[in-house]
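Please read the points below with the coordinates open.

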Amino acid sequence: MSTAKAITGARIFDGASWHEDAALVFAGGKIEAIRPRTELSAGVETVDAGGGFVAPGFIDLQVNGGGGVLLNEEPTVAGLVRICAAHAKFGTTGLLPTLITDTFEITARTVEAGRQAKAQDVPGFLGLHLEGPHLSVARKGAHDPKLIRPMEEKDVELMLSCKGRFDAMMITIAPENVTTAQAARLAEAGFVVSLGHTDTTYEAARDYAAAGVRTVTHLFNAMSPLGHRQPGVVGAALDIGSLHAGLIADGVHVHPVAMGVALRSKTGPGRIFIVTDAMSPIGTDMTSFTLNGREILRRDGRLTLADGTLAGADIDMISSVRFVHETLGLPLEEALRMASAYPAEAARLSGRKGALKPGHDADFVLLTDGLGMKSTWIGGTKVHQE
Ligand SMILES: [Zn+2]
């Protein structure tokens, strides 16, 4: 048994309520308790946070890269390590590195790298998100249309080879290139099947939700919009209670007014959660990078192809939380849940992540009262200090 440690000297937000003058006690990578500081037992090693507050670590279900690495360009364990470490600096304690539409060979290499990374327990690595290639060319965004294609049996088998190997695995599909039966097989295997990059109808989206689809990928972006006679995938995401939806909260991908309308109208129990959709430049001063052989430019908080098409986001988790709280005006607690409890629920991880409860993984962030980063802890180990 490792010695118990306790964080003191900071307020604690456990995901539901605040604890003042309390200590967050953890041992063996798990949270033991939140208890009054005066009731700490003698053998506990204390870490004085020196102000600010503790909150559940951020969970990002859509991360294409970071620290100069794009998963598509470096589908290796080393690449996954770099991406996870880059995002830990911004409070992310669990993430799904995301492969954008690519060849079958690159997808297979990524799956193999993911399996090795999980076997090696890479800090922060929860599993993979395969975003394509079974999408709709009509809503391709920055995905290479030449690589978009229907899902075949070999694709299903490759994905099913990951069954039970990750904490979570997410697969973004478009009904245009994936049957409801295929979606149901993937959902039954425990994967988070998500509708995205699709021009499909509200009715089709409802059928896929009934077949086990659980989420919608980056709400509003690359999907049929909410029209008054054609509610589309946006209408489905907001109206169908079982669906959860990711949202890129940079103020560039979605207008703040549309974000606010969506957040106020979402029918539960499914929730809207923050994703970064971050690319390789996060945590670096790179001004351009390459995706499927095409140059992507970084300028004024945007990443774009030469024709101006948005190609992922130039934002990190803590900046997204700040945007939701400060620009959209959501309560701090709700902004924090959108980055922790809600993605944990969407990925079926809420039994052990997304809140600071006894028995949960000791994944947390220490922040200043002004929402600045202080430190990041994964499984009770400090992985980043400002
Ligand atoms: Zn996308």
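1. The model is predicted. One cavity of 30 Å³ or more is present in the structure. The largest cavity holds about 40 Å³ of space.

2. The lining of the largest cavity consists of Phe104, Thr107, Pro133, His134, Arg149, Asp155, Leu158 and Met159. Two elements, α2 (104-119) and α3 (153-160), each give two or more residues to this lining. The largest contribution comes from α3, with three residues. By class, the lining residues are four nonpolar, two polar and two charged.

3. Helix α4 covers residues 180-188, and its buried residues are Gln182, Ala183, Ala184, Leu186 and Ala187. The cover over these buried residues includes α3, β13 (170-173), β14 and α5. After α4 comes Gly190, which has a positive phi near 95 degrees.

4. Is His360 buried or exposed? His360 has a relative accessibility of 5%, so it counts as buried, the cut-off being under 20%. His360 is placed in the loop between α10 (341-346) and β22 (364-367). Leaving aside residues up to four places away in sequence, His360 touches Gly29, Lys30, Ile31, Ser350, Gly351, Arg352, Lys353 and Ala355.

5. Six aromatic pairs are found in the structure. In one of them, the ring centres of Trp18 and Phe53 are 5.3 Å apart and the planes stand at 70 degrees, so this pair is edge-to-face; the cut-off for that class is over 60 degrees. Because Trp18 belongs to strand β3 (residues 18-19) and Phe53 to strand β7 (residues 53-56), the pair ties together parts that are 35 residues apart in sequence. Trp18 counts as partly exposed at 24% relative accessibility, whereas Phe53 counts as buried at 0%.

6. Phe125 and Phe166 also make an edge-to-face pair, with 5.9 Å from centre to centre and 85 degrees between the planes. Phe125 lies in the loop between α2 and β12, and Phe166 in the loop between α3 and β13, so the pair ties together parts that are 41 residues apart in sequence. Phe125 is buried, with a relative accessible area of 1%. Phe166 is also buried, with a relative accessible area of 12%.

7. Which residues do ring pairs link into a cluster? The cluster is made of Phe13, Trp18 and Phe53.

Notes
Residues numbered from 1 in each chain as written. Predicted model: local features only at pLDDT ≥ 70, side-chain atom pairs only at ≥ 80, totals over all residues. Heavy atoms only, no water. 1 Å grid on protein atoms, 1.4 Å probe; cavity = no way out; pocket = protein on both sides within 12 Å on 5 of 7 lines; lining within 4 Å. Points joined across faces, edges and corners; volume = space filled by probe spheres on them. Helix = DSSP H or I, 4+ residues; strand = E, 2+ residues; numbered from the N terminus. Nonpolar A, V, L, I, M, F, W, Y, C, P; charged D, E, K, R; others polar. Buried < 20%, exposed > 50% of the residue type's maximum accessible area, 1.4 Å probe, protein only. Contact = heavy atoms within 4.5 Å. Phe/Tyr/Trp six-rings, centres within 6.5 Å; stacked < 30°, edge-to-face > 60°.
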